[in-house]
Amino acid sequence: MSYLRLEKAVMTNLQESLRREFLRTNRSGAYSSSTLVDCNTRKYHGLLVVPVPELDDENHVLLSSLDCTVIQHGAEFNLGLHKYQGNNFSPNGHKYIREFDATKVPTTTYRVGGVILKKEVIFQHYEDRILIRYTLVDAHSATTLRFRPFLAFRSVRQFTHENMTASREYKEVDNGIKTCMYAGYPDLYMQFSKKNEFIFQPDWYRGIEYPKEQERGYASNEDLYVPGYFEMPIKKGESIIFAASTSQSKTSQLKKLFDEEVDDRVPRDNFYHCLVTAAHQFHKREKNDDRYLLAGYPWFKVRARDTFIALPGLTLAIGEVDYFEFVMKTAEKALREFMDEKPLSAKIYEIEQPDVPLWAIWAVQQYVKEVGIEAGYKKYGKLVKDIIKYIEKGGHPNLRLDENGLLYSNGRDRAVTWMNSTANGKPVVPRSGYIVEFNALWYNALQFCAAMATEQKDSKSATHLEALAAKVKASFVETFVNEYGYLLDYVDGNMMDWSVRPNMIFAVALDYSPLSQDQMKSVVDICTRELLTPKGLRSLSPKSGGYNPIYVGPQTQRDYAYHQGTAWPWLGGFYMEACLKLYKRSRLSFIERQLVGYEDEMDYHALGTISELFDGNPPFHGRGAMSFAMNVAEILRTLKLMDKYSYQK
């Protein structure tokens, strides 16, 4: 039995199959995504979605979809599927699907009478090229395939509609054509491994609708341009490769290229291998060899906080120390440019957020645990010291070190933490002042830097850092610990936020905690009782005012729910680390049961990965982006921590 295999009953039931999505990426920012039945339900869906830096920093849908029609004895059977206005689906090709298997290469098997056709889809690494292999497994008479491409040539944030500006021109190339609908876009090459006939039959398919956008309160319909169709015969046992790309393909090499790409894939035959594949999907390599981690798909870009939080889990936890160093090299460049008040050359957003330097130190700390303190200090010791000095000297425009040793950040008018949703230009959760996770990270950073200084026999620095850490510890307990056994979320003068939120878990999970053993246990107990779900920690307790756990509806409605009760798997990762830290092996079986909630997601929503967030109430539906880097990272890091504690006595 394949790990990611769905049978006919699921695939032909649109209520089941339309909510399941696939994602393929090329590790350079481009991707391919749709539902398992190839019916696009988001404006972000497309067979070939690529960045076009000459236009902007968004991705653009070039090839929206490709309908395949099986022709026998003059009868046509279209395997495509589109949703049109009025809840009309056409041409209902999903009814021919016999099974779907995504264990290694996403494979759909169709049965039309005596015809069995297998379709396999793969995205070439580091190239803007999608490859589809069609194999005629069985047929009892002459068979012809017809392919009709649906073109968009638009940003993922916009729609295209029938217009007179779109170019209908095309040029024949080897076994295919190239075309470009609008100036400024690259040519789209559509080619086959076999000689074919292209019939120019330009038309617009009007009123295609995207239900996911309707759910999100956005406009939801567009028109797609079809320039014509390709047609060719296919024999039993024969395979034909289709390639769509922004550069011309060598058609004689397409079969070999497809096989090579398949050999390079890790089979998604268990939970861990699914997460490893998902981790690789966040890779982004630029032409200048800068390396990044995308925060998620399909709409997130590279964000600084997400990069440092996700980096250890997406690299170190799966034994890829080299990729940690590649990404950190680019991220360190961006961080230093910001600290030196120089223009940013690295394409990382939100580097100015005040907790970003603290998360950078945490990421280095995880690296040091992997390679050893000597190698870690040699690689990143100066960076850690420079960040500490930068904060101490008040270099950050929104991170003030007060006399009591705590860090103060103004978040009243602009969101400064990971809880960053806004409405009417103001933060929905205006966390400001002494913010609990900022200061937990600060204490951890000081102690970590002091330990490195001690290892390097720099007693002067170690003494200074330990003294400052002691001050932070006393102030942290006095400021955040309350009589009910949990931590205040933030304190700003006389303003104290008594909401029960998950941000206090960092004060337990981090290697160095300012809390006593009893205080840490109390925090974990309250998180367990009020915040824990099978999909991570809630962003707000149901007992706190403003609890809003269902992330649905128009943008404003979702903004007010985003951090008011929704559940986040990445927070669950730190919660599980806190449990293991406090209770060691005795909590391993509990953690294993908790991970079952994530494994259930592997064949639901986006196959083989983890959604951005989940409803805070049962049945805990996945919402938001189809794949989120921090969630995948923290589950992988938890799996590695479990291995570590399993071998401890």
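Two strands pair if DSSP finds at least two bridges between them. Strands (E, at least two residues) and helices (H or I, at least four) are DSSP runs, numbered from the N terminus. This is a predicted model, in which local features need pLDDT of at least 70, side-chain atom pairs count only at pLDDT 80 or more, and totals for chains, interfaces and linings use all residues. Residues are numbered from 1 along each chain as its sequence is written, and side-chain values use heavy atoms, with hydrogens and water left out.

**Strand β19 and its partners**
- Six of the seven residues in β19 (239-245) are buried, meaning under 20% relative accessible area, with exposed being over 50% and partly exposed in between (1.4 Å probe, protein chains only).
- Strand β12 (residues 129-138) runs antiparallel to β19, and seven bridges join them; here I130 stands opposite A244.
- Strand β16 (residues 188-192) also pairs with β19 in the antiparallel sense, over four bridges, and A244 is the bridge partner of M190.

**Helix α13**
- The 14 residues of α13 (517-530) reach 20 Å from first C-alpha to last, close to the 20 Å expected at 1.5 Å a residue (1.5 Å times one less than the number of residues).
- Its buried residues include M520, V523, V524, I526, C527 and E530.
- These lie on the same side of α13 because they cover an arc of only 160 degrees around the axis, taken from the directions from the helix axis to the C-beta atoms.
- Exposed D518 and R529 are on the face of α13 turned away from its buried side.

**Residue W498**
- W498 sits in the loop between β29 (495-496) and α12 (506-509).
- W498 counts as partly exposed because its relative accessibility is 35%.
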